[in-house]
Amino acid sequence: MAFVAVISLKDTIRRLLNSPHISVASSTREILEFAHERVESLQEALRTYDDIRNSSRGVMASDARIREEARSLEDAIESDASAQFLSQSQIHGALSLNLHHLTQHIHRFAETANYLEHEYIMELNKPSDKEENVAAAAGVTTLTDSGGNECEMVGLSDQFLQIRKLLIEDVNYQEFNSTFEIDVANFGQILYTIGIDGMPGIENNGSRIMVTARISADFHCIDFHKMRFMDQEESWDLLRKTVFDEQGCPPQLVKAGKKIAENCEGLPLLILTVANQLSQVQKNLEYWNQVAEMRNSVFEDALDELYEVLLPTYHCIPQYMKMNFLYMGAFPRNYLIKGSKFGNLWWAEGFYDLPSFNAVHLLASCNLVVVRLISTITGEAKACTLHCAYRHLTKKEAERNKVFHILNTCGDCSIELVETHRCLAIHQNVLFAVKDVHNTIASVAAVRSVLCMGLYHRYQVPICSDWELLRVLNALSIRFYEFPLNLVNLILLRYLALTCDANLPCSVSNFWNLQYLIIHQHLRIKSMVDSSCLPMEIWDLKELKHLQIMGRNLPDPPIGAILPKLAELLDVGVQSCSTKVLQSVPNLEKLRVQIESAAEYLNWFDHVSCLHQLRSLQSVVVYPDLFPEPIVLPLTLSIPTFSLQKLSLEGFGFSWMEMFKIAKLPNLEKLVLRCYAFQGEKWDANGIVFSRLWYLCVEDTDVVQWMAGDGTFPRLRRLTMKNCYNLEEIPRFASNDEKVEASSVIVIELVGCNPLVETCAKQWCPSVIANYSWK
């Protein structure tokens, strides 16, 4: 991870040089600019030679030395800077910085970097180590018969038929010869197996070439097929037939066996590896229950075998994606990793030169993650979870590269294990309450990130506050009764996430580096109307990009005060939506508002029109109530330049007649209406046009009759209806655009709706997904 360490060092130097809060002495500026130039050169060299991706021991040793040298210099710079800033924390005005005494250290780093860069390049140009036979390493027998005899295929039969169809039935050979293009430079790195078969017995059809790759191939060919994972039934069939052959599984082992198969998460190679181990031991219920509950070493041993098989896949991906991939391993098993949260943590870590906004999508394309949530229209992965086999790989590689260390038991907390890591992933938050563990963790001076990712802990534990170089503290899963005042000395914090019912202190102004501030509530004791404001000093945090404050509001700013970088303001009350506040966050892109009652403070909608960069607006009525008559929507957002792309409303009880005001929003693409956002038995959408809307979600409404004319939804591609029990039919969304045939591409999802709606929709829409809890 030399590449990442160099990027982090570069970012630290850049921040010190460019911060408006710091007055840098001329001698210090000169030496820091020299260091920045040298680091940029080293980074460029690492990037240039990334395509070689030599995994030899010599390259890995050079990589480790570069990593440690970069980290050593970064520690020295930040430690000295932090000490100077803390001594000046009570002084108003710009902080001063003098690092002249580090001149010799920086020059030594430059000399060492020159030597290591040369050594690194020499190692990269050597032949790489030969890869071992991965199938043999896993101890898995092939399912093919070398004598040409037919073998039974277990599971994935639909995948076999699709591939067979591609190979035998659907090939246009003239087109094949003219369009099959390969990026020769990368072909050897992604290639796993080439099979060439003359296909005897198929008259005059020529040969076929099938290429299987570790990652989604970066070249164009006629057909590309991505294999899916096995479902639970297929997984159990493969496990059962591998362990018992034709004998059949004893009835008493079926329940445990199905759980064992489920724990393999649909990966055939893992199922076979576990099955081979089960075949070699006594088949009794006690042992199988231990395996199912992961109380013995069977799964750990199987994952260790697969580690050697999957490692070449990891070596094939670029350096910047390696860090994306490894960082995901810090999250617990089956944890749904949201792309937005991942990106925020990523930026706070200081990895600015590494793309994070599409990291989930990139890793999904490389078959390294199991994608759980995907936009069916754009194909962009919104969230994912790591497969257990890849998570095991990330854990081992992260430990080897000193990326993070997971603390799950007291045995993981020895000083020998934690002292060399800069990121600690706490999967058991209660460990902080163990005195010896607490003291050990607190003693790790170089820690930069603490990720408390365990189950929510409702009682306060004494979290450490001695990490003077800490950048990221993600502790939403730990409850604090009072805001921990000792945290305000962590002036290098960029990301702070806590669950705390108490007010924030004025000393939050010490967090002049803070970019992400997230404060959740354990219990909502106060009403939203009477909720407290943040301290006035919140307006001093000029680096803030993301502010989420449940149950609190932004106070009106002092004259001339703004938060120029704030892009996301979430879960505030309507008091935060005054004209003074919104005009002081001019670059806001996402706003989420919680209000007490739909009948109050509706004029805040008018204030939002001053936010010319706003892309997403969400508003939730915390305690919704149906009114005898629908209320009027005071929406004046439909000015020609308004940039809103997503609107989400919940619990307002507006009249459907007011929908024409929303239709006037010129750039609206997504509309979400939940919990009687609009009420009334009739929604007549004739005569209005949602010109750019492609996603519509209607959830919990009393509408009975819905009418829409041709062209009302010309670009609609996905419709989701949930718990709309009274609705009996969905209008056909015909397009007035001859180039778009809406019925051929629209997807309709129905959850808990009247079955008549499904019948109606299927008459004109081929893609209807229905789910009924009562069936």
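A: A nonpolar core is a set of buried Ala, Val, Leu, Ile, Met, Phe, Trp, Tyr and Cys residues joined through side-chain atoms within 4.5 Å. Buried means under 20% relative accessible area, exposed over 50%, and partly exposed in between (1.4 Å probe, protein chains only). This is a predicted model: local features need pLDDT of at least 70, side-chain atom pairs count only at pLDDT 80 or more, and totals for chains, interfaces and linings use all residues. Residues are numbered from 1 along each chain as its sequence is written, and side-chain values use heavy atoms, with hydrogens and water left out.

The largest nonpolar core has 110 residues. Phe432, Leu591, Trp706 and Ile730 touch the most other members. Strand E11 (residues 472-480) gives the most to this core, four residues. Helices (H or I, at least four residues) and strands (E, at least two) are DSSP runs, numbered from the N terminus. A second, separate core holds 68 residues, among them Val243, Cys264, Leu386 and Val472.

Now take Leu591. Beyond its neighbours within four places in sequence, Leu591 is in contact (heavy atoms within 4.5 Å) with residues including Leu569, Val572, Cys577 and Gln618.

Asn429 is also buried, with a relative accessible area of 3%. Asn429 sits in the loop between strand E9 (423-426) and helix H19 (435-442). A polar atom of the Asn429 side chain lies 3.2 Å from the backbone oxygen of Leu455. Not counting residues up to four places away in sequence, Asn429 touches Cys452, Met453, Gly454, Leu455, His457, Val461, Ser477 and Ile478.

Conventions. Polar contact = N/O pair within 3.5 Å; in protein donor to acceptor, adjacent residues only side chain to side chain.
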